[in-house]
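Reader: I am new to protein models. Please pick one part of this one and take me through it closely, with its surroundings.

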Amino acid sequence: MIPTLEVDKVRITFGGITAVDDVSFDLSGQELVALIGPNGAGKTALLNSISGIYRPSSGEVRLEGRSLNGVPVHKIATGGVGRAFQHAELFAGLTVVDNLMVGRHRQLKGSLLSMAVRVGPYLRREVAQRAVVEEVIDFFELEQVRNRPVSSLPFGVQKLVGVARALCMEPRVLLLDEPSSGLTRQEKEDFARFMLRIRHDRGLPMLWVEHDMQMVMDLAERIVVLDHGVKIADGAPDAVAENPAVRTAYLGVDDTEMTRAGSPG
Ligand SMILES: Nc1ncnc2c1ncn2[C@@H]1O[C@H](COP(=O)(O)OP(=O)(O)OP(=O)(O)O)[C@@H](O)[C@H]1O
Ligand SMILES: [Mg+2]
């Protein structure tokens, strides 16, 4: 079976810096995979290369077996790669519902006249787009705030709207960049509940960048670890947490020193 998303020896360089160094892994089914690593490890750069915002200098990303090399960013977004950004990147002055409609409008093709007067096939398509958005509003329990400008909402809700907007594109895979950063413990718990529901109801594989290790250990089925652009581990949470290279890189502790310091006598 072809994996939903394949990251195949992807390398990203900026001038002399290698931000992502021949990284490979794939995602299938409804896997919830956490992508972790210290600040500057290359997590966002890797997500950007999957979304087409950055182009790999070598390697390839494939969605359901098809190469995304050279595919324009908007086609990647409408073609199956949903993305919620590290900084929600919503239109702050627009309402929740308008933010959710923004992405869908790309799929509303029609003549200028039919758009202006909203008739015929254009109107039918708009109704269909609305239906997708309404379902997502329902799913994320955003009914109460649908007509509020995003800027007036608590940060936790704004982050949720960012994920909701990605889901409105009916993706085949969902990329989440630090969705829980800046959230309170309660908001994080709410968020975790939605992640589990996305998995359960939509059956989507998710690649989830996260710094909150407690959340990662609670929710992720698999963890991929980057350090200085290199993949240093990929596996079940327990195995990854005990991996000496991960402990050294991610926690900034040398395992042998930790053992020595902790040993009696
Ligand atoms: N557009 C860019 N131009 C130049 N260098 C960049 C660019 N984007 C990222 N980098 C560099 O690539 C490396 C990886 O950055 P990246 O943002 O992917 O890290 P990250 O793992 O997402 O970190 P954080 O946890 O802080 O979000 C860093 O050294 C960064 O300075
Ligand atoms: Mg980042």
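Author: Start with the whole chain. Among its contacts (heavy atoms within 4.5 Å) with a separation of 6 or more, 66% join residues 24 or more positions apart. This is a predicted model: local features need pLDDT of at least 70, side-chain atom pairs need 80 or more, totals for chains, interfaces and linings use all residues, and side-chain values use heavy atoms, without hydrogens or water. Residues count from 1 along each chain as its sequence is written, while chains are lettered from A and ligands numbered from 1 in the order written.

The protein chain has 11 helices and 10 strands. These are DSSP runs numbered from the N terminus: helices are H or I with at least four residues, strands are E with at least two. Of the 265 residues, 46% are buried. Buried means under 20% relative accessible area, exposed over 50%, partly exposed in between (1.4 Å probe, protein chains only). The chain's accessible surface is about 12,700 Å², and carbon and sulfur atoms hold 55% of that. Such areas come from the Shrake-Rupley method with a 1.4 Å probe; for residues, only the protein chains shown count as cover.

Now the close look: ligand 1. It has 14 residues around it (a heavy atom within 4 Å). Asn39, Gly40, Lys43, Thr44 and Ala45 are the closest. Lys43 brings a polar side-chain atom to 2.7 Å from an oxygen atom of ligand 1. Gly42 uses its backbone instead: an N or O atom there lies 3.0 Å from a ligand oxygen. Glu178 places a polar side-chain atom 3.4 Å from an oxygen atom of ligand 1. On its own, ligand 1 has 630 Å² of accessible area, and the protein covers 64% of it.

Which element gives the shell its largest share? Helix 1, residues 43-51, supplies 3 residues. Helix 1 is itself mostly covered, with 8 of 9 residues buried. Lys43 and Ala45 are among those buried residues, along with Leu46, Leu47 and Ile50.

Next, look beyond the ligand. Ser180 lies in the loop between strand 7 (173-177) and helix 7 (185-202). Ser180 is buried, at a relative accessible area of 1%. Leaving out residues up to four places away in sequence, Ser180 touches Lys188, Glu210, Asp212 and Met215.

Four strands form an open sheet in the order 2-1-4-5, paired antiparallel. Strand 2 (17-27) and strand 5 (66-67) are at the edges with a single partner each, so one side of each has no neighbour in the sheet. Strand 1 (residues 5-14) and strand 2 run antiparallel, joined by 7 bridges; pairing takes at least two DSSP bridges. Within that pair, Leu5 sits opposite Leu27 of strand 2.

Strand 1 also holds Lys9. Lys9 is not a glycine, yet its phi is positive, about 50°. Lys9 is exposed, with 52% relative accessible area. His228 likewise has a positive phi near 50° without being a glycine. His228 sits in the loop between strand 9 (222-227) and strand 10 (230-235). His228 is exposed too, at 64% relative accessibility.

Conventions
Polar contact = N/O pair within 3.5 Å; in protein donor to acceptor, adjacent residues only side chain to side chain.
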